[in-house]
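We will go stop by stop.

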Amino acid sequence: MNIYKSISNRLKSAACYKTLAAVIFFIICAQKTIAQQAARFLPQPGSYHMMLGQIEIVAFSDGSIPQELDKLLTNVEPEEVRRLTKQNFQQPTVEASVNAYLVKTGGKSILIDAGTSELYGPSLGHLPANMRAAGYNPEQIDAILITHIHTDHTGGLIQGDKIVFPNATVYVSKAEADYWLNEDSFSKAPAKMKPYFEQARMKMLPYVKAGRVKTFVYGTELFPGIMPVASPGHTPGHSFYQLTSQGQKIMFWGDILHSGAVQFARPEVTIVYDVDPGRAASSRKKAFREAAANGYWIAGDHLSFPGIGHVKAYGNAYQWYPINYTTTGSGQ
Ligand SMILES: [Zn+2]
């Protein structure tokens, strides 16, 4: 018997149709599993675009890095960290995002924080590449608003010995510049803090020398719709940047929190890098309270990319509602 005829005859039987359907189903399932596995191992997406009124905002990812919350968080018991992370479907070691934000207003391209560059290994330092992939480049940045001079926010200003944003003026609060860049406070810094000062200075001083750093005090707009807001504690001159357009508002939060799972529920929880933990906790409680009461947008540098969303209050605790977005990447 002809083999094709034989197959055709067999396929005519209901049993064979069932077998064929099962085979096709199996192939589809196998393909789905492979696609899901591939998606799981993709890095997080590099950029995310939104409009606030008439102003364009682009969130950029600098990458992410595993963070051991047990070692990072203070003023909390390890069991509580385990409980809260579990409640949020996380482990006590989380993949922490590093985000930066581009704001296009008044004909200027303004970046809020600058990523890390080479300082923290290959999973971070992707801000310039992610900007280029989205059609932007570091040369077109006119201004960089720094929330604070920790090197996961300022490291990206310099790559090796090269200025990454050659046409940008860097804005930072006077209190922050005085703390990190002043020779007197550098010489008085305790030995264990010296390396942090050295790294911070290495990334900022080339811009100072080039005359491209401007310090500000609070209370005046820096650009149309952009107002710096004091939020001290994590560092002495830590700043938020408030952006408004057509009655809408977003607050760029910098480092007001480092673990959404733990600190929204327990705002009193501090971290080892807080210069003044008590003050950092009060600034955080105030920030959460105001964000929840007013319902404006939030953008956080270490919240899972793109780090944009809203906050609601439930008694003394808060809940984070990330912006609803779709992506081909894992999005964490
Ligand atoms: Zn940070």
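**Stop 1: a cis bond**

Select P306, which sits in the loop between β15 (297–299) and β16 (308–314). The peptide bond from F305 to P306 is cis, with omega near 5 degrees. Most peptide bonds are trans.

Before moving on, note how to read this model. Residue numbers start from 1 along each chain as its sequence is written. The model is predicted, so local features need pLDDT of at least 70 and side-chain atom pairs count only at pLDDT 80 or more, while totals for chains, interfaces and linings use all residues.

**Stop 2: two positive phi angles**

Most residues other than glycine have a negative phi. Now select D113, in the loop between β5 (108–112) and α5 (127–133). D113 is not a glycine, yet its phi is positive, about 70 degrees. Is D113 buried or exposed? D113 is buried, because 30 other C-beta atoms lie within 10 Å. Buried means 20 or more other C-beta atoms within 10 Å of a residue's own, exposed means 12 or fewer, and partly exposed is in between; C-beta atoms are placed from the backbone.

Next, go to Q246, in the loop between β12 (239–245) and β13 (248–252). Q246 also is not a glycine and has a positive phi, about 50 degrees. Q246 counts as exposed because it has 11 C-beta neighbours inside 10 Å.

**Stop 3: paired strands**

Select β2 (residues 55–68) and β4 (residues 93–105), which run antiparallel and are joined by 12 bridges. Two strands pair if DSSP finds at least two bridges between them. Find Q67: its bridge partner in β4 is V94.

**Stop 4: the core**

Which residues have the most contacts inside the largest nonpolar core? They are A59, Y101, V103, I144, V170 and F252, in a core of 72 residues. β4 gives the most to this core, with six residues. A nonpolar core is a set of buried Ala, Val, Leu, Ile, Met, Phe, Trp, Tyr and Cys residues joined through C-beta atoms within 7 Å.

Finish on V103. Leaving out residues up to four places away in sequence, V103 touches I55, I57, I110, I112, I226 and L243. Contact means C-beta atoms, placed from the backbone, within 7 Å.

Technical notes:
Helix = DSSP H or I, 4+ residues; strand = E, 2+ residues; numbered from the N terminus. Contact = placed C-beta atoms within 7 Å.
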